[in-house]
Structures are given as structure tokens and as C-alpha cells.
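Below is a short briefing on a two-chain model. It covers one chain by itself and then the interface.

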Amino acid sequence: MTTDSLPVGGDPRQLLSDVRTLAHRVRLDQRVTWVALLVLAAVTFIAIPIDWYGLDVHCAPGASTQLVQEADASVCTVWRRGVLLYWPAALLLAYAAIAVCYVRVARERGLGARVLPYAITGISLTVLFTAAWVAASLYFPDHPQRFPEWVLVLDRLITPWGTIGVALLVLARLERNVALLAFTLGYLAIVLVPPHNFGWGTHWGYQADFVPQQVVNGIVLLLGAIGFAVAHRRRR
Amino acid sequence: MTAETGIPDPSAHPVTSLDEVVHQRVRLGILTIAHEARRAEFGYLRTQLDLTAGNLSKHLSVLESAGLIEVEKGYAGKRGRTWITLTTAGSAALTDEIEQLKLLIARVETLGA
């Protein structure tokens, strides 16, 4: 009897296809990607004035140092106090806000949320960046040295804006979101190859020196938020 | 599956390993949504699976009796809400069902070649 060997629930190909379609639909309904990017963009923009006013520059002729002014041959130590004062707290609050928002939106839609590993990764990276920056601030003033380019690239990955990108990779994986993955890789490329490399902001003075990078990062995150929000709205 | 050990017999036809509770379009859909969503609300399941409340309730009862899902009733404000969560057994049953379906497709394709 041929009926004995046929499944009772229907064509297996159709069943598997239904399973994949349903799983995909659930993942789409769980996403609030634009909210995460909007919060991170806001955090990045708010950091600009804090970094500006929190910059501590000490210039002295012949002192040990990190930066050298060519004009008068004096040597300056630049300390980004604002970064350590603002970013750890801001990022912790941002990840908490994103997690709460994801859970609430998913609950309203009748679903559970998958955001917890993202928030944990973000918080862990924030702790790592804070520890690394505190260690650097204690060690390097007395032990100045020049690093090869690959160390600087690695260093940019554990800056606050670098950790934002790494954590977004985790979110893209959790959501199986190819668009977010592509966006994050683009964002990380911008973080790892900052505008200085193209000559932007190199002669704007110490305070303005860090602005182009943060403006570019903020704009990219904001554009990403707008893009994902528009895509989400169209789908619904 | 061998009756004595419970270990699947590799020579057996994949159809013999299908679990009749799971191998049903709607119930497979419920398990899939609950697995993907961590937990799913009754209304969401009804909309996605295009079922009446009564029909969905029957399928949920079957899955709950088999220990594959847990049903939790609660409130959102004054509105009652029913949440469905997959149990460990439910997760294993879903994985097994998908595996059997893939085997079945592979078997059909081998025979057709």
C-alpha cells in the first residue's frame, strides 16, 4: 500500500517550507532594530560636547608625551577625560533601554524577545573598554611608546564606538538579520578607518580633533535607524 | 525505531520515526513559533496560523497533554492573555521532526534519481 509510506501531515517539502516561513515571520516580528540604532546614535551625538569640554591638554616644552605640536616644538599630553566619565554610564543605560524596549515591543506583539545576549555582550564590552582605558591612563603617561598600525586598529575596536559595532554583530546573529550584518560591517569599517586617515580634522586643534569621527559615527547610526524604521514600516 | 532500545534503526523508513502528535501542520506550526519566539501569545498563534480560537485550543490541548508545551494564563491590564512556552521535550520533538522530514525528502529524492 503506497499510503503506508506517505506522511500523514502532508508533503514533507511543504511542511519544511512552512516551518521556515513561520520562523522567518516570527524573527521579523521580534525585530526593533531601528530603536537600537536610534538609541546608539543619540548616545554618540551627546558624547560630542562632553568629549569636547572633557578634553584635558597639557603642553610643556620637552615633557614626555603623546602628541607633538610642530609649530613651537612643545610637547602635549592629551587626556580624554570625558570619554571615561560619560561612555561607560551612557552605554550601560543605552543597553538597558534597548533591552527593555525590545522586551516590551515583543510582548505587545505577542512574542518573547531575543535581546538578552545582545545586552549582556554590550555590557561586557563596556566593562572591557572601561578597564582597558583606565589601565592605559595609568600606564602610558609614564611609559610613552609608539604602536604599530594593527595595534591601533585593535585599540579602535575597544573604543566605545568600536564596542557598539561588535555588539551589533551579536544582535545581527541573534536576529539572523543579514541587512543589519551588512550595515554593521560598514559601520565597523568606518570606525576602524577613521576620517583622520583621509586628512579630515588633522589640523583643527586638539578639541576638534576627535569630532569628525564621532559625527560620522553618529550620522551612520542615525541613517541606519531611519533606514531600518522605513523598511519596518513598509513591511507592516 | 527499535522497540527494545528506543534507538532509531538506520535502515527503517523515516516515516516510522515520525511522531504523530508533532507531525501535523498546525501543531508543527505552534511548536515552530514557540521555539523561535521563546514564548508566544494565543492571539499571535491564532493570527499566524489562521485558526479559530476553538481549533487552536484543541491543538494546544494535544500538545500540552503530550508535555511538549506549557500554557500560562495571565493578565495585561484587565485583558486576559495566554502564553505558550515550549518545554525541553517539545524542543527535542521539533528538532527530531525536522530531521525526519529532511531524511524523508532525501529518501524520496534518492528513490526518484
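Helices (H or I, at least four residues) and strands (E, at least two) are DSSP runs, numbered from the N terminus. On that basis chain B has 4 helices and 3 strands. The model is predicted: local features need pLDDT of at least 70, side-chain atom pairs count only at pLDDT 80 or more, and totals for chains, interfaces and linings use all residues. Side-chain values use heavy atoms, with hydrogens and water left out.

**Chain B**
- The order of elements along the sequence is α-β-α-α-β-β-α.
- Of its 113 residues, 41% are buried (under 20% relative accessible area, 1.4 Å probe, protein chains only).
- Counting contacts (heavy atoms within 4.5 Å) between residues at least 6 apart in sequence, 53% join residues at least 24 apart.

**Interface extent**
- Contacts link 30 residues of chain A with 28 residues of chain B.
- The two chains bury about 2,400 Å² between them, 65% of it on carbon and sulfur atoms; this is the accessible area (1.4 Å probe) lost on being put together, summed over both parts.
- Arg13(A), Leu16(A) and Leu22(A) supply 21% of the area that chain A buries against chain B, more than any other three residues.

**Salt bridges and the chain A side**
- There are 3 salt bridges between chain A and chain B (a side-chain nitrogen of Lys or Arg within 4 Å of a carboxyl oxygen of Asp or Glu).
- Glu36(B) and Arg114(A) form a salt bridge through their side chains, at 3.0 Å, N to O.
- Helix 1 (12-30) and helix 3 (81-108) of chain A are the elements that give two or more residues to its side touching chain B.
- Helix 1 of chain A gives the most, with 14 residues.

Terms used
Residues numbered from 1 in each chain as written. Chains lettered and ligands numbered in written order. Buried < 20%, exposed > 50% of the residue type's maximum accessible area, 1.4 Å probe, protein only.
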